[in-house]
Amino acid sequence: MAAMNLSYAAAIVGAAESNVIGYPEELTGEKVTSLQHHIEAIKNVTDMTGIPISDIQGVFSTGWTGELAEHLGLHPRYLDTTSVGGCSFQIHVHHALAAIHAGVIDIALISHGEAGWSYRGAGGGGGGRGEVSPGGEMTGAYGVFGAPSQYAHAMVRHFHDFGTTAEDFAHISVVTRDWAQLNPRGVMFGKKQSPFGGPITVQDVLEARLIAWPLTLYHCCLVSDHGGAVIVARPEIANSLRTNPVWVAGAGESMGHQNMLEMEDFTATSASRSSATAYKMAGLGPQDMEMAMIYDSFTITAAITAEMLGLAPRGKGYTLWKNGDAAPGGRLPINTNGGGLSFNHSGMYGMQLLVEAYRQLSRTAEDGVNGIEGKQTEATTCVVNGTGGTLSTTGTLVLASDDR
């Protein structure tokens, strides 16, 4: 059965964050709940677009859908609770695109709120506490328990297969921090936001506190709070709003494994398949991408994903950062908000990718809050890839600006 072409069947018409992200308790003296992050972001995006909350027909979230609908006073036609880790939100866009194309709904809300910092140690971060799955027991028996130790294995395998070094991957941390210097909301924007904030060097990355060899602190993502929401709408609505639409030209999703011990190749993920689907739908390829938003839970995640997306040869993903291509002013800006390494990472980072991709392609990245001079790029196309689990599930979108 031939797949139906969903390209340009809908657009992202707005994206917004919650009011206080990062470390709210440190800034205001009060904790912010995950639900509060959701509701604030939803209020902000509906205000931005002018779409009344009552017009939302589909609600998409990682398990919060029913509670959100109740709090918003909605009776949705379409509900989606897909929760497969940090790529869930790219997959939500894919599903919303299909639902809109099918005529089931006209307007979809995709929302995420996660108090990763405020409620750290309380079972947040997209996971739970209690019973360990059989897969978790098997993995733990081999000393692979917890994200840093698992991703450390992937980096070591990359060393073995391609001759790379920790220094190669350190460039990803440095360039991502450079982008964070252009984002006032970034956790690592400066010393005022965090004692670890401000510019860093490759040597700083190499000499930072060891987390799980060869990963030092700066090879690892942040733990912070964030809420974000995007609205996806059919073309007629998208073209009638005061915001600039960003079109969903292509979308794809895939999965390689659940348990990392079942991963066929520690240096290759299902992003090769999800991106192939997205590129084919869009009628575009990696050579046509002018920007990328790539999940960077760890530096190795970003590098491998760049290879899977066809943005760099196998074993050479890190060169996009080392050669300056991904940096401010480079030919292929990547993670222009500062990424999960230096902007914000609440546990499931895919929503932050969507928000930043929308801001860049809608030409709203420099607005005095979300960016300063130099953050806005001229890109008209962007590949957005989320990663879930332990290099397990992936969702890829190809987005295009209205003026492409």
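Glutamine 181 touches Met188, Phe189, Gly198, Pro199 and Ile372, leaving aside residues up to four places away in sequence; contact here means heavy atoms within 4.5 Å. This is a predicted model, in which local features need pLDDT of at least 70 and side-chain atom pairs count only at pLDDT 80 or more, while totals for chains, interfaces and linings use all residues. Residues are numbered from 1 along each chain as its sequence is written, and side-chain values use heavy atoms, with hydrogens and water left out.

Glutamine 181 is located in the loop between helix H7 (166–180) and helix H8 (202–207). Helices (H or I, at least four residues) and strands (E, at least two) are DSSP runs, numbered from the N terminus. The side chain of glutamine 181 makes two polar contacts with backbone oxygens: that of arginine 177 at 3.0 Å, and that of methionine 188 at 3.4 Å. A polar contact is a pair of N or O atoms within 3.5 Å; within protein, one must be able to donate a hydrogen and the other to accept it, and residues adjacent in sequence count only if both atoms are side-chain atoms.

Two packed helices are described by the angle between their axes and the distance between the axes. The axes of H7 and helix H11 (residues 299–308) come within 9 Å and cross at roughly 100°. Axes are lines fitted to C-alpha atoms, for helices over the stretch in contact, and angles run from 0 to 180 degrees between N-to-C directions. H7 and H11 are therefore roughly perpendicular to each other, a class that covers 65 to 115 degrees, with angles under 35 counted as roughly parallel, over 145 as roughly antiparallel and the rest as oblique. On the H7 side, Phe169, Ile172 and Ser173 meet Thr299, Ile300, Ala302 and Ala303 of H11. The residues of this contact comprise five nonpolar, two polar and no charged. Here Ala, Val, Leu, Ile, Met, Phe, Trp, Tyr, Cys and Pro count as nonpolar, Asp, Glu, Lys and Arg as charged, and the others, Gly among them, as polar.

H11 is largely enclosed by the rest of the structure, because ten of its ten residues are buried. Buried means under 20% relative accessible area, exposed over 50%, and partly exposed in between (1.4 Å probe, protein chains only). The buried residues of H11 include Glu307 and Met308. Just after H11, glycine 310 adopts a positive phi of about 80°.

The next element is an open sheet of nine strands with mixed pairing, in the order E3-E2-E4-E7-E1-E8-E11-E10-E9. Strand E3 (78–80) and strand E9 (292–294) form its edges, each pairing on one side only; two strands pair if DSSP finds at least two bridges between them. Neighbouring strands of the sheet are turned by 20° against each other on average, direction ignored. Within the sheet, E10 and strand E11 (residues 393–401) pair in the antiparallel sense over eight bridges, and valine 384 stands opposite leucine 397 in E11.

Some backbone details remain. Tyrosine 8 has a positive phi of about 65° although it is not a glycine, and this residue lies in the segment before strand E1 (11–17). Arginine 363, in the loop between helix H14 (350–361) and strand E10 (381–388), likewise has a positive phi, near 65°. A cis peptide bond joins tryptophan 213 and proline 214, with omega about 5°.
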